[in-house]
Amino acid sequence: MNLAAYFPVLLFLLVGLGFGGGLISLGKLLGPKKPDINKNSPYECGFETFGDARMKFDVRYYLVAILFIIFDLETAFMFPWAVALRDIGWPGFIAMMIFLLEFMLGFAYVWRRGGLSWE
C-alpha cells in the first residue's frame with residue numbers, strides 16, 4: 001500500500017490546522033482585553049432578552065427540518081445516478097425508479113397526514 005499518494009492531503013490538513021490555530025492564537029494574544037458589562041451581557045438581536053431560552057418549540061419545525069434532509073439526500077442520490085446512467089444501464093434505471101416510487105409514497109403519506117400544513 002503506497003501512502004505517499006496521501007501526503008498532499010496530510011500536508012493540506014496540517015497547513016490548514018496550523019494556519020487556523022495560529023491566527024486564532026495570535027488574535028487571542030494581541031487582541032484587546034477590556035471586558036465591561038455590555039461585552040459580557042447576553043446578546044439577542046440587538047435588544048434585551050425576554051422570556052426563557054429553554055422555551056418549547058412546535059414539533060412542526062423539526063418535521064420540516066427532517067423533510068428537508070430527506071429531500072436533500074434524495075437529490076444527492078440522484079446526481080451520481082444521472083451521471084452514471086449510461087454505465088449502469090436498465091438495472092440502475094429500474095432501481096432508481098423504485099427508489100423514487102418509495103420516496104414519492106413517503107411524500108404522499110406526509111402530505112396526507114398534514115405534515116406540510118401550517119394551520
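1. A helix here is a DSSP run of H or I with at least four residues, numbered from the N terminus. With that in mind, look at the end of H3: the helix is followed by Gly114, whose phi is positive, near 85 degrees.

2. Keep in mind that this is a predicted model. Mean pLDDT over the chain is 85, and 90% of the residues score at least 70.

3. The overall layout is quick to describe. There are 3 helices and 0 strands, giving an α-α-α pattern when read along the sequence. Of the chain's 119 residues, 8% count as buried. The accessible surface comes to about 11200 Å², and carbon and sulfur atoms account for 72% of that.

4. H3 is the helix I'd look at with some care. H3 has 28 residues, yet its end C-alpha atoms are only 33 Å apart, whereas a straight helix would reach 40 Å at 1.5 Å a residue. Where does H3 bend? The bend is at Pro91 and amounts to about 70 degrees.

5. Gly92, Met96, Leu100, Phe103 and Val110 are buried in H3. Which helix do the buried residues of H3 pack against? They pack against H2.

6. Met78 sits in helix H2 and touches Met96 and Leu100, leaving aside residues up to four places away in sequence. Met78 and Met96 are 18 residues apart in sequence, with their C-alpha atoms 8.0 Å apart in space.

7. Now the aromatics. Searching the whole structure turns up 6 aromatic pairs. One of them is Phe77 with Phe99: the ring centres are 5.7 Å apart and the planes stand at 90 degrees, so this pair is edge-to-face. The pair links distant parts of the chain, with Phe77 in helix H2 (residues 59-83) and Phe99 in helix H3 (residues 85-112), 22 residues apart. Phe99 itself is partly exposed, at a relative accessible area of 27%.

8. Another edge-to-face pair is Phe107 with Trp111, at 5.6 Å centre to centre and 65 degrees between the planes. Both residues lie in helix H3, 4 residues apart, or about one turn of the helix. An α-helix has 3.6 residues a turn, so residues three or four places apart point the same way.

9. Last, the aromatic cluster. Which residues form one aromatic cluster? Phe71, Phe103, Phe107 and Trp111 do.

How values were computed. Residues numbered from 1 in each chain as written. Predicted model: local features only at pLDDT ≥ 70, side-chain atom pairs only at ≥ 80, totals over all residues. Heavy atoms only, no water. Phe/Tyr/Trp six-rings, centres within 6.5 Å; stacked < 30°, edge-to-face > 60°. Helix = DSSP H or I, 4+ residues; strand = E, 2+ residues; numbered from the N terminus. Buried < 20%, exposed > 50% of the residue type's maximum accessible area, 1.4 Å probe, protein only. Expected span 1.5 Å × (residues − 1). Bend = angle between axes of the 7 residues up to and from the residue. Contact = heavy atoms within 4.5 Å. pLDDT = per-residue confidence, 0-100. Areas by Shrake-Rupley, 256 points an atom, 1.4 Å probe, with all protein chains shown as cover.
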